[in-house]
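Hi,

Have a look at it first, then read on.

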Amino acid sequence: MSTIEHWIGGRFTAGAATRRGAVFNPATGQRRHEVVLAGPADVDAAVAAATEAFASWSQASLSARTKIVFNFRELLNAHVAPLAEIISDEHGKVLSDAAGEVRRGLEVVEFACGIPHLLKGDYSDQASTGVDVFSFREPLGVCAGITPFNFPAMVPMWMYPVAIACGNTFVLKPSERDPSAANFVADLWRRAGLPDGVFNVVHGDKVTVDALLDHPGVAAVSFVGSTPIARSIHRRASASGKRVQALGGAKNHAVVLPDADLEYAASHLTAAAFGSAGERCMAISAAVAVGGAGDPLTDILTRRAHDVVVGSGRDPRSDMGPVVTAAARDRIEGLIGAGERQGAKVLVDGRGHRVTGFEEGFFVGPTVLDRVDTSMDVYTEEIFGPVLSVVRADRAEDAIALINANPYGNGTAIFTASGEAARRFQRGVHVGMIGVNVPIPVPMAYYSFGGWKDSLFGDQHIHGPEGVSFYTRGKVVTSRWPHVEAPHGASLHFPTSS
Ligand code: NAD
């Protein structure tokens, strides 16, 4: 069993290493590694390294910064497979899914390669007589990223490529449940030529996070995780004067209208509900079957859920791996039981799922519950497991009202053959990311990602143009170069243009 260390100032270090956590392989149920958990002294060391590096990195030319981001892009592209293996062994997701998350992260790196264009300012020649006005954006300083277990590579890549390309330095606090991907990436940055201290990794838990949130040397915090933590991070980091964006949890609904191609809809719902064992913030966990769609849809969903192959993430035959921990498995199974007790009809039951050769693994099979209503725990809780709840609604308007009454607003989708119904839906729902016949509408890297309501605390979405805006602040310069032979006299009146 090896020890996973911090990456601070360009080298691995155990730091004070007074506390350690266990990292498991969810497929085997075995302890794989120990990870050191940072205390305030380790956070101080990381912020000090990032502060020192900021002095020169923020002054590096756009060309110099862009070259390094390009190098990083090339290295990452060449290492998708080994990084996917690391992710699969600690998270549990199947290799193709893990490779997919790296590729979606890579798209943000590619977006960040365009930083010279993205940081172009505005210029107004002769705004007043002899006066020009122009604007540009500067980096903030040391930025911190606190990320969840479910995308150990992609979610941090929503943050640091943009932050670093903008001229900031970065301290990443990845999930303590699957921390190795962050260290792998740190080494790629080193090989790309990134100066020491620009990208740092501190491993840890709440103690580490609190030290980052309270640290006067941290200028901005990006958080992605569950809603209660996102809410408290937003409060605490804002209270210490930091810029903060905190993305929270989700309960994503997919509405299926009776005019939809139900085979197509059910196939996409199956993938969106059970892919990555439902541990995606954009997973579909509630299917809202409208009118006559209900019975035929549940029939097809039942058939398709039975066809999903559950197994080790390393087995190429597997469609879906285990969930992340034994505690997550027990919680998910408990919620399925609560749904059954509260009146839901269990069409497919994933409790007690065993995989031959992996008897100690944390597996839950695909589960489909029908006749779920909004008072049941399976509806009100974010399950974050392979459980699809079918809710029935009479009309499309009722489905929209249902979505809008939900406290979350991350993603949603509609399956329909009607452009008019889709347009009414996309304009009517209070949700940040919407799919039309697309179940997981994660925006491309050159758009920004973010939910509404309890799915995001803060003003700005992540990556894309809002990411550039989040990691920089604007300056506007008003300049006059008076003619030496005929200088303008000053007036005590408030200056107006002429
Ligand atoms: P989590 O909230 O438990 O942990 C997220 C991060 O916060 C981790 O780094 C963790 O160490 C830290 N943390 C945990 N408890 C803390 C505390 N009390 N104080 C300070 N920091 C703490 O989330 P998770 O279980 O790792 O990830 C799953 C959650 O993340 C789900 O709710 C999912 O919807 C959400 N998520 C949201 C998005 C999005 O884009 N909105 C994306 C991915 C995941």
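Let's begin with E382: one of its polar side-chain atoms lies 2.5 Å from an oxygen atom of the ligand. Keep in mind that this is a predicted model, so treat that distance as a computed one.

The backbone gets involved too. T147 puts a backbone N or O atom 2.7 Å from a ligand oxygen, and for F149 the corresponding distance, again from a backbone N or O atom to an oxygen of the ligand, is 3.0 Å. On its own the ligand would expose 840 Å², and the protein buries 89% of that.

As for where it all happens, the ligand sits in the largest pocket. Helix 9 (206-214) and strand 11 (218-224) are the elements that give two or more residues to the shell around it.

That shell has 28 residues, and K173, E176, S226, G248 and E382 are the closest.

Cheers

Methods. Residues are numbered from 1 along each chain as its sequence is written. This is a predicted model: local features need pLDDT of at least 70, side-chain atom pairs count only at pLDDT 80 or more; totals for chains, interfaces and linings use all residues. Side-chain values use heavy atoms; hydrogens and water are left out. A residue is near a molecule or strand if one of its heavy atoms lies within 4 Å of it. A polar contact is a pair of N or O atoms within 3.5 Å; within protein, one must be able to donate a hydrogen and the other to accept it, and residues adjacent in sequence count only if both atoms are side-chain atoms. Accessible areas come from the Shrake-Rupley method with a 1.4 Å probe; for residues, only the protein chains shown count as cover. On a 1 Å grid over the protein atoms alone, a cavity is a set of points where a 1.4 Å probe fits but cannot get out, and a pocket is an open set with protein on both sides within 12 Å along at least five of seven lines; lining residues have an atom within 4 Å of a point. A molecule sits in a cavity or pocket if more than half of its atoms lie within 2 Å of its grid points. Helices (H or I, at least four residues) and strands (E, at least two) are DSSP runs, numbered from the N terminus.
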